[in-house]
Amino acid sequence: MSAQPDHTPTTPYAPAPGAPAELLAQLRADRRAERWVPAFEQEWAAALEESRRTFSLNTLYEVVHVWQARLTSAPSVDAFVASGRDESGFVDMAEVRGRRPR
């Protein structure tokens, strides 16, 4: 038997060093810049402070990943909203929250 672990821990994907700056430039160029840029900057500042406290870059990486995903999925979300499909009745939010409508 081997004393080695039976699984290899995965290392979080580390974005390129310039990824946050590139991401911010893309956010500034987006039509949602007025809302998205301040939100990104606020999340980035909080992650930076967390990173300073914990000596870990994971929170910073997570912020970059989440915002990259938002930018990537934005055209699909826009297309869905523009299609006029009404999915509001698909999920009963009162039921999700644990309350039943009366």
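Okay, let's start at Phe40. Skip its neighbours within four places in sequence, and Phe40 is in contact with Pro20, Leu23, Leu24, Leu27, Val63 and Trp67. Before I go on, keep in mind that this is a predicted model.

So where do those partners sit? Let me zoom out a bit. The protein has four helices and zero strands, and along the sequence that reads α-α-α-α. Phe40 belongs to α2, and it turns up in the contacts of α2 with α3 and of α1 with α2.

Take α1 and α2 to begin with. Their axes are 8 Å apart, and they pack at an angle of about 155°. Anything over 145 degrees counts as roughly antiparallel, so that is what we call α1 and α2. On the α1 side, the contact uses Pro20, Leu23, Leu24, Leu27 and Arg28. On the α2 side you get Ala33, Trp36, Val37, Phe40, Glu41 and Trp44. Sorted by class, that is nine nonpolar residues, no polar ones and two charged.

Now the other partner. Helix α2 runs over residues 33-54 and helix α3 over residues 58-82; their axes come within 8 Å and cross at roughly 160°. That makes α2 roughly antiparallel to α3 as well. The crossing of these two is right-handed. From α2, the residues involved are Trp36, Ala39, Phe40, Glu43, Trp44, Ala47, Leu48, Glu50 and Ser51. They meet Thr59, Leu60, Val63, Val64, Trp67, Arg70, Leu71 and Ala74 in α3. The breakdown for the contact of α2 with α3 is twelve nonpolar, two polar and three charged.

What about the core? In soluble globular proteins, nonpolar side chains tend to be buried together. Here, the largest nonpolar core has 15 residues. Phe40 is back again, listed with Leu23, Leu27, Trp36 and Trp67 as the residues with the most contacts inside that core. The elements giving two or more residues to it are α1, which covers 19-29, plus α2 and α3. Which helix gives the most? That would be α3, with six residues.

Two whole-protein numbers before I sit down. Of the 102 residues, 20% count as buried. And if you take contacts with a separation of 6 or more, 52% of them are between residues 24 or more positions apart.

So, back to where we came in: Phe40 has contacts that include Leu23 and Leu27, and also Val63 and Trp67. That's my tour.

Terms used. Residues are numbered from 1 along each chain as its sequence is written. This is a predicted model: local features need pLDDT of at least 70, side-chain atom pairs count only at pLDDT 80 or more; totals for chains, interfaces and linings use all residues. Side-chain values use heavy atoms; hydrogens and water are left out. Axes are lines fitted to C-alpha atoms, for helices over the stretch in contact, and angles run from 0 to 180 degrees between N-to-C directions. Angles under 35 degrees count as roughly parallel, over 145 as roughly antiparallel, 65 to 115 as roughly perpendicular and the rest as oblique. A crossing is left-handed if the near helix is turned anticlockwise from the far one by less than a right angle, and right-handed if clockwise. Contact means heavy atoms within 4.5 Å. Ala, Val, Leu, Ile, Met, Phe, Trp, Tyr, Cys and Pro count as nonpolar, Asp, Glu, Lys and Arg as charged, and the others, Gly among them, as polar. A nonpolar core is a set of buried Ala, Val, Leu, Ile, Met, Phe, Trp, Tyr and Cys residues joined through side-chain atoms within 4.5 Å. Buried means under 20% relative accessible area, exposed over 50%, partly exposed in between (1.4 Å probe, protein chains only).
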